[in-house]
Amino acid sequence: MAGTAERPPAPPAVAEEKPFLWVARPLATAAKQFVKSLWRPSTVVYPFERLEDPKFRGQVGVASGKPIGVGEIWDNYRGVHALNINTCISCNLCAFSCPDVCIEMVNVPGGDPRHPKKCPQIDYGKCSFCGFCSDACPEGCLTMTTRYELSVHKREEMVYSPARMFEIFKSKLPMNPIRLERPKNEDQILLDPPICIGCNACARDCPTQCITMLDIPKPTPKPGEKMAKRIWKEPVINDSDCVRCGTCIAVCPKDCLFWGTRQ
Amino acid sequence: MWVNMGPQHPMTHGLWNLRVRIEGEIIKDVEPELGFLHRGIEKISEDRHYNEIITLMDRTCYVAGLAWEHLFILAAEQALHITPPERSEYIRVLASELQRIASHMMWYAAFVQDLGLMSPFLYGMRDRDLVLDLFQSFTGGRLTYEYMRVGGVRNDLPLGFTGQCRRVLDWLIDRFVEYDHLCLASTIFHERCDGLGVLPAPEAVAYGVTGPMLRSAGSHRDLRKDRPYSVYDRLQFDVATATSADVTGRYLVRMEEMRQSVRISRQCLDWLDDHPGPVLAAQLPRWLGAPYAPVGNESYLLKRNYPTGLGFSMIEEPHGEAGAYVVNDGGEHPYRVKFRSPVLINVWAAKRYLPGYRVADIPPIMGSVDVCVGECDR
């Protein structure tokens with residue numbers, strides 16, 4: 001398997017017959033590009049100019065040698081998150097959807113003491129900027145902005161608290177305009193009535209308060225039959241308000257709630 | 001004498017080591033050492049939802065992320081028995097072909113720099129940026145796209161995208177001529193590249209070498225023609241081939257492939273203009289839909305009784321033929337995922353096409369292989 005030391009005859013170079021051309025043609029191409037670049041540079045002098053500057057929006061992108069506008073497409077960039085704390089409902093969907101498990105739900109002031117309000121805290125040391133969290137956010141309060149500068153001095157500074165992301169939200173950076181629609185065949189949360197004990201845990205922890213506990217008639221026990229020990233209430237879920245976060249399923253002590261399609 | 005070229009060497013383009021046994025200037029034997037970038041992507045995939053694996057696919061090959069997304073999605077859809085809408089198929093093919101242009105452009109920039117030419121490097125990187133701008137306009141990312149989903153793609157193309165894309169393609173077609181002026185017209189390029197790294201077609205097939213390396217040896221093997229996936233059977237294009245089986249042949253094949261990619265992209269754009277529609281399948285299992293909520297109690301999957309399945313796909317990736325195998329056992333995670341990397345095979349065949357040449361010939365030869373270590377080691 002010794003290699004082929006003998007070389008096959010080289011194909012004739014395009015300009016081998018004309019030695020002048022193989023010097024002149026690359027030179028002419030380079031010279032053309034050089035002259036063009038004098039008033040249409042392809043680069044941005046980064047720390048002094050940024051792509052999100054207003055002057056790079058629209059027509060200036062074309063004039064700078066790029067055939068498409070840089071600014072027009074910049075808005076759906078997936079950069080640092082912005083969080084609107086006021087509309088966050090603590091549904092935990094962003095943390096569930098994160099493939100890198102970099103989102104942690106931490107307490108923020110504003111909740112009542114028994115059920116504290118929780119908002120996402122993101123560790124950018126782990127984040128892969130996939131955008132699944134903002135896709136999953138039912139309220140549109142966690143979005144991704146065009147901010148991309150993330151260098152820090154200490155590792156701890158990479159962890160962005162909800163308050164810090166709220167600051168980014170208040171700075172009104174452009175945010176991703178393409179929002180994902182929820183699928184039409186979404187499953188609903190269904191109840192297995194015989195197992196339910198009416199404990200109110202689902203209604204208590206529901207982030208959208210879409211579960212109400214309704215009274216159900218207490219059956220009259222036949223003589224000799226033992227009555228089930230339970231509260232005679234059952235959760236009723238308002239599907240239009242439900243964000244499908246699964247919190248009720250997680251807290252149900254009897255596993256009587258499940259995903260399914262109502263027949 | 002054994003010489004290590006790598007893991008940190010300008011020739012390697014990534015983290016791998018080429019051990020070379022030399023006698024004087026002549027290479028007698030080589031031994032590639034791989035695995036420095038192993039991240040266990042196949043194993044991690046077993047713990048992730050099908051859509052979350054897409055984030056790994058972008059990192060598998062970091063210059064051809066969309067092609068690898070396409071590969072995995074095809075296998076996953078087969079395993080999950082999902083049919084994507086037609087429009088999303090065209091968008092995927094368009095994205096894959098644009099990715100092929102970007103990947104070959106990156107190869108061009110790196111390859112000519114291995115030859116010691118600085119200006120073409122800058123040209124290649126500059127023009128690749130235009131394709132990345134296009135990617136950013138519809139995916140939101142420049143390197144890690146996370147665009148394709150099981151059952152379609154995340155979002156439709158933005159307004160005015162097809163017009164912008166056509167302008168970029170027109171611009172790029174002119175640039176390919178410039179590239180040839182800079183390289184192919186020059187005798188210096190031919191002196192450096194002709195007759196180097198010859199790998200004849202029968203031996204390439206025996207090694208399992210695919211992609212531009214195989215086609216440069218006169219073979220017409222192209223999965224887009226031979227085993228059409230997605231909508232490639234409805235598109236007109238030619239398979240780029242060369243006969244010299246050397247470094248120049250690979251250059252010619254890749255340049256022609258970029259032109260053919262422009263041709264395919266234009267056909268896709270024409271189709272997409274005329275056929276609006278949904279881009280995500282309407283009927284998806286819940287955990288593949290938009291909100292990635294927890295499945296909750298275990299009984300959910302039992303109650304749904306979702307069918308199991310196997311999925312296998314092969315695509316013509318910019319570097320060669322890539323394969324994916326997905327086993328769906330009815331759960332929310334795949335039971336097993338396996339990938340076939342073209343670069344791994346192409347690099348291992350170095351034992352055949354490197355010996356006999358000189359040490360100074362290694363950068364052009366290995367540059368023409370288009371090594372992407374991320375995909376090689378996974």
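Trainee: Is the crossing of helix 4 and helix 11 of chain B left-handed or right-handed?
Mentor: Keep in mind that this is a predicted model, where local features need pLDDT of at least 70, side-chain atom pairs need 80 or more, and totals for chains, interfaces and linings use all residues. Residues are numbered from 1 along each chain as its sequence is written, with chains lettered from A and ligands numbered from 1 in the order written. Handedness asks how the near helix is turned from the far one: anticlockwise by less than a right angle is left-handed, clockwise is right-handed. For helix 4 and helix 11 of chain B, the crossing is left-handed.

Trainee: Which residues of helix 11 of chain B make the contact with helix 4 of chain B?
Mentor: Contact here means C-beta atoms, placed from the backbone, within 7 Å. Helix 4 of chain B brings residues including B:Y90, B:L94 and B:W107. From helix 11 of chain B come B:R254, B:E257, B:M258, B:S261, B:I264, B:S265, B:C268, B:L269, B:W271 and B:L272.

Trainee: What share of chain B is buried?
Mentor: Buried means 20 or more other C-beta atoms (placed from the backbone) within 10 Å of the residue's own; 12 or fewer is exposed, and in between is partly exposed. Across the 378 residues of chain B, the buried share is 58%.

Trainee: And what percentage of contacts in chain B with a separation of 6 or more join residues 24 or more positions apart?
Mentor: The C-alpha atoms of chain B fill a box of roughly 70 × 45 × 35 Å along the principal axes. Of those contacts in chain B, the share is 70%.

Key
Two residues are in contact if their C-beta atoms, placed from the backbone, lie within 7 Å. Helices (H or I, at least four residues) and strands (E, at least two) are DSSP runs, numbered from the N terminus.
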